[in-house]
Every structure is written in C-alpha cells, then in structure tokens.
Amino acid sequence: MLSTQGLASASARHPWRTIGAWTAVFVLAIVVIATLLGGSLTTEGEPTNNPESLRARDAQAAAFPPDPGTTVTDIVVVRSDEHTVDSPQFESFVRELVEGSDTVALGQARTYLDDPESLVSEDRHATIVPIGIVDEDETEAIVETVERADENPSFSVAVTGDETLDHDFNLLSQEDLENGELRFGLPAALIILLLVFGAVVAGLVPLLMAAVSIVVALGLTALVAQPFELSVFVINMLTGMGLALGIDYSLFVVSRYREERARGREQLDAIAASGLTASRAVLFSGTVFVVAMLGMLIVPSSIMRSLAVGAILVGIVSVVAALTLLPAVLGLLGDRVNAVRIPFVGRRILASSSSEGRFWGAIVRGVLGRPVVSLALSVGVLVAATVPLLGINIGTGGVSTLPDRFVSKQGFLALQRDFPGTTADPAEIVVTRGASSAEVTNALEELRSSLAADAMFGGGEIRRAADGEVAVLAVPVEGDASDPEAIAAVRELRTATVPEAFEGTGAEVLVGGASSENIDYFDSVIDPAPYVIALVLLLTFLFLTVVFRSVVIAATAVGLNLLSVGAAYGLLVLVFQYGIGADLLGFQDADRIEAWVPLFLFSVLFGLSMDYQVFLLSRIRERFDETRDTADAVIFGVGSTARIITGAALIIVAVFAGFARGDLIMFQQMGFGVAVALLIDATIIRSVVLPSAMKLLGDWNWYLPRWLEWLPRLQVEGTRDDAAPSPAAVAKATGR
C-alpha cells in the first residue's frame, strides 16, 4: 500500500501526469454537473422513516389524485383599497389575472365570481384565489404573473403556500450562497491566506485546491442524486465545507513544505517530508471528519442525509487532492510558491517559517507556569457559556422568518390581515379506513364542530373519496404552520383529540398537513440525536486511541471538543433565542433554534475541530518522541502550529460568517455556531485548556493499557531526519 510520503513523492516527480489526470477528472465533473445536476435536487425535506404525516399525504394522493381544479397548494390574495369586489374594475382585474394567465394552476382556479361568499374579505376590498400547483416547474411562472399584476397601482397582489414558499426558500438559499460564501467568504479567505503565507502564489494555491475539490465533489453529488433524493441545500453545504477543508488541508501541507525548505532540504525531499508528516496528518484529520459526518446518515431526514453526503464527498475529494494534486503543484512551482511577496510581512513570515512563534510560545509558557488556575478559569468560562443551552427551544423557521421582499411572505401577511381564518396549510385529518360507516361519519362531524370552536383552529371542510372509504377533514390552523403554538396545537390533535374522537369506531385516522410534517421532522432529527452523538464520540475516541496510542490523549481531545461545542450551543441560544447581541450582529430574533442545526453543528464542529487537534497533537507527539519532555513538547507544538491553526480557523470562520450574513435564519444560526466554536477551539482550547491539561497529566498523557498494546502503530507524523542542513543549503532555501 502506497504511503502518503510515496504518493507525495510520486506526484511531485511526475507533476504533469498528476495534473493531467486531475484536469480530466475536473472537466468530466463539469460535464456531469451541466447534464445531471440541474433538476436532480429537491427543495423538499422529508423524513425517511414513513411517519404519520407522510402516510396521511400518500393516502390523500391516492384517494384524491392531484388536480389543479380541486387541489389547493397556494392562495393568491388580491386587494384594492380603492375598489370593492363588487366594482367592475375589481371584477375585470381578477378575471384578467386568472383568464389571462398561461399557467394551468391559475387558468383552472375558482374565484369569487364563482363563489362570492367564502372567497371575499369582510370589508369586501379583498379576495382570495385558491390555486393548485401540481407541477413544481409552474411555480416560477405563477410568481412572475403575481409580481406583474402587483405593479398595478390600484391593486396589491401576492401569493403564499407550500410551493411558493419552497420557491422563495430555494431562491434565498441561492442568494445567500452567492452573496455570503462567494462574495464575502471567498475574498476574506484569500486575504487571510495572503497574511498567513506572506506571498500571493502561496495564498492562491489553497484556493485552487478548494475550487477543484468543490467542482469534483459536485460532479460526484450529481451522480449520487440520480438514484437517491438529495436536498438543494447540499450545494450550500458542499461549497462551504469545500472551501474550509480544501484550504485547511492545503494550508497544512504548504506550510510544512516551506518549513522543510527553510531547514535546508532539497525541493523533492521537502515535498517527501511534507508527505510523511503534514499529508499524513491531513489523511487522519480527513478520516476523523468523515467519521463525524457518518453519524448524520443515521438520521431519518433527507436534508440531514443530504448535508452529510455533501460534506463526506467534498471531504474525501479534498484529502485526495491534498495528497496528490498539491504535491504535483509544489513540484512544478518549487520555490516560486513564495513568489510575489506581500510588502512588510512577506519576508518576515518566510524567515520565521521554521521557528516557534514567540507570541503563542509566551502565552503557553505563562499557562504552563500556572496550569491549575489556567485550567480552572478557562473551563469555568466555557461551562458558563454553555449554561444557556439548558433553555433551548427547538423548532423551524417558516414563512414568517422570510424577509418581507419575498412574495410568499407578502402573501402570508396579506392573508393574515384580510382572511385571518384562512390558511394554505390546514391540518388534514385523514380517515383512511371505515369512513363510510355512520359511526365514523358522526365522529368526523362532531370533531369538525369542536375544532371550529377552538381558537387555534377554525371551521373545517370535509371531502370524501368517490368510493366513500376515505374522508379528509381540512381544518385551518391559526398563524404560521411552523409557529410553536401551531405545532403544540397539532401535536395535541394527533396524540389526544383525534384518538379520543374516533375511539371505538375501528377507523384508521392520520393527521397530516404542514404542522404535522414539522412535528415528524422535529422527531426525526431530535430522537436519534443521542445515538448520533454517542456513535461519533465512540468512533472518534477509538480512532484517536489507535492513531496516538493513548487513551488519555483520545479522551482529552474528545472532552475538549465537547467543551467548545457546548459553549457554541450556549452562545447560539443566547444570541438567537434571547436576542442578546442579535441586533448588533445583524441577526434575526427567533424564539427557537432550527431543529437540524444543533445536531449538524455537533457533527461538523467535531470534524473540523479534530483537524486542529490532530495537527497540533501530532506536532506535540513528534516533539515528545524526540525529547521525552511533555512541557517542552507542548510549548513547541503550540508555538510552531499557532499561526497556521489560527489562520485555518479564521478562514473557516470567514467562510461560515458568509452564511451568517445571509437572510435565511437557519444559515445565520449555522454560520454563527460554526464560527464561534472554531474561534473558541483555536484560541481558548488550544492555547489554554489543552496545554494546562497536558501539563497536569504529565506522562499520563501517553498512557495506553497493556492489553491494548496489540493496536497497530499508525503514527500521524513520521520520523523526521534531524540531520542539520549545511549553511549553504539553508541560504539557498531561504533566499538569504
């Protein structure tokens, strides 16, 4: 089996072959993306465990085949402060809106001209047009038609419902991707890279690796999306993680290459040494990241699995690119990787590339001088930051969390204003068996009467299938279907009200609708969380035990990551739920944290934090193997990796800050959580908690029970040839 050193050496000796192979893969990926990706991704996010809401929807679809003439997915709201619905101008406007549309949904819609009572507001200045968008491709045309009609100064027109909401969420995610990640995250990452390396060429190389990794991973995603359903949000995940991982891994390898050149090694020897050390660390870091992402695959949610697939694919491609393509590029560039140095900082950074950082070295020495106080204070701060987590509220952001500029939000507000008892997302009580019996019919009528008197619901409508065996009671739910009040009301409906109403009838009854789907979504994400967390912790602990041959190091790394993740959770709740600092940071106020965010953050943060832990611990272990002095190894490890790890963390912070700058509150929460956790990990954890803990543990850091001595020896860092280079070699390598 070819080692990382062998891969790096072979790639560097045959750079054009390696680059040619990657170019072919890159071009093939572009072709696959262009031909397969479009239309393969869905905006729907469904549980994969066939929950009650999904069974209710399937039963309805079988009994009432989708028909634009009868199915209602969205509602168009037309209002005029100048005209009433009885005026010729209003009638003409509505008739032209419906009959002049080339869409099936509007063309077959029922208007107040057909049903003048139920579709008109109390003040008679507004009407609703229920429409059924059966074909998702028609949504864009509906939105464009509504926006054109809204340009009339005498009328306001908006639309809201399932399909237009999905359309707007999709559009907003694309905007956030373009504005946040590409316009903010990418330029910010480049600036940080230039400051870390002090040279333009060296700073551009990691971006090149990230771009290649993203495109190739997108090509693989397009292939995976053919047999499996993937969410459109996989693109956001893949590009964000691709930038983060591609840059991080390249940063580690290029930095080690420059360090080895500064020590006097010849070019190919320096690449081989980097392959033996940094590349191997990248391989193990990437493995830990993939292990952390695997946990999300057991969550019965198409969105979570899609995010996991995107992260895993781009993680694997980023590792392979760092092990092969990057050495080939370094083999071609050689010392030209240091070309176009940044004024003032370039020469100083290059000159110090092989030495311990004075700033971080001084901090670590101070911490090691008072390890008990340092550990107690730092852990106390992190635990205090974690406390708000105890008050976390889990939910989801619906139409009410969208910016007002989106048509589905405007339609929702118009519907709430003029038709407070009407909704495009009713609770749907589906009787799938025995609906034709008198007993079930009476129970359904009584349930409709009782719900009509409930403040959270309203007057319902009963539909029956042609064979009479299936009946549906559609009941409006007050407010946004994602609001906690609506969720609580429908959960009570599912668990108590409906079972009591049909007790003893022998009927099979399911509750569907948007709120019911949200309940199943929450349960699908929250219920498996303990198993996901346990799996990730166990696999990570076992892997690190094998890699570092120490149960103490493995337990310490896992514990420190839990500290940083817990603190990030607490700060997330503090900012978004309690609104402390939200206005200052430009975030939306929310009374809940998006259901998928905590579990997603745990997996991603665990994977990303382990990148730094593995990179840092590998340098500490490498030094310890040379000196057998734990304190010296910690000082050297932190001091020599501080600039790189800090730069890598800031790059990921910049990338995910791009998410946080967007308008989707779920991405704001995700971006903020990742950014805060990595800042904590790269500063407090690395410079205070880890050094003080390792100082107090002493030789126990390297403890491995005798009964585990059989474990394979998988050193992250290879043994470095410590022979001192000649002064001439040093001068040649550094250009001095």
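## Model and confidence

The pLDDT is the predictor's confidence in each residue, on a scale from 0 to 100. The structure described here is a predicted model, and its protein averages a pLDDT of 83. A score of at least 70 is reached by 92% of the residues. Residues 719–736, by contrast, have a pLDDT below 50. Beyond near neighbours in sequence, that stretch has 27 contacts in the model.

## Overall form

The protein contains 26 helices and eleven strands. Along the principal axes, its C-alpha atoms fill a box of roughly 95 × 50 × 45 Å. For 736 residues, a compact globule would have a radius of gyration near 27 Å, and the 30 Å of the protein agrees with this.

Of the 736 residues, 59% are buried. Among contacts in the protein with a separation of 6 or more, 81% are between residues 24 or more positions apart.

## Aromatic pairs

A pair of aromatic rings is described by the distance of the centres and the angle of the planes. The structure holds twelve aromatic pairs. In one of them, the ring centres of Phe 90 and Phe 155 are 5.4 Å apart. Their planes stand at 75°, and because an angle over 60 degrees counts as edge-to-face, the pair is edge-to-face. Phe 90 belongs to helix α4 (residues 88–99), whereas Phe 155 lies in the loop between α6 (139–149) and β4 (156–161). The pair therefore ties together parts that are 65 residues apart in sequence. Both Phe 90 and Phe 155 are buried. These two residues also belong to a cluster, in which ring pairs link Phe 90, Phe 93, Tyr 112 and Phe 155.

Another pair is formed by Phe 576 and Phe 587, with ring centres 4.9 Å apart. Their planes are at 20°, so this pair is stacked. Phe 576 lies in helix α21 (residues 551–577), and Phe 587 in the loop between α22 (582–585) and β11 (593–594). The two residues are eleven residues apart, and their pair links distant parts of the chain. Phe 576 and Phe 587 are both buried.

## Charges over rings

Two arginine side chains are placed over phenylalanine rings. The charged end of Arg 463 sits over the ring of Phe 64, at 4.4 Å from the ring centre. The charged end of Arg 623 sits over the ring of Phe 636, at 4.3 Å from the centre of that ring.

## Surroundings of Asp 520

Asp 520 is located in helix α19 (residues 514–526). Its relative accessibility is 7%, so Asp 520 counts as buried. The side chain of Asp 520 is joined to that of Ser 53 by a polar contact of 2.6 Å.

When neighbours within four places in sequence are left aside, Asp 520 is in contact with Pro 47, Pro 51, Glu 52, Ser 53 and Arg 494.

Val 234 is found in helix α9, which spans residues 234–262. Its relative accessible area is 1%, and Val 234 is therefore buried.

Leaving aside neighbours within four places in sequence, Val 234 is in contact with Leu 41, Thr 221, Ser 306 and Gly 310. Val 234 and Ala 308 are 74 residues apart along the chain, and their C-alpha atoms are separated by 8.3 Å.

Key:
Residues numbered from 1 in each chain as written. Predicted model: local features only at pLDDT ≥ 70, side-chain atom pairs only at ≥ 80, totals over all residues. Heavy atoms only, no water. Phe/Tyr/Trp six-rings, centres within 6.5 Å; stacked < 30°, edge-to-face > 60°. Helix = DSSP H or I, 4+ residues; strand = E, 2+ residues; numbered from the N terminus. Buried < 20%, exposed > 50% of the residue type's maximum accessible area, 1.4 Å probe, protein only. Lys NZ or Arg CZ within 6 Å of the ring centre and 35° of its normal. Polar contact = N/O pair within 3.5 Å; in protein donor to acceptor, adjacent residues only side chain to side chain. Contact = heavy atoms within 4.5 Å. Rg over C-alpha atoms; globule rule 2.2 N^0.38 Å.
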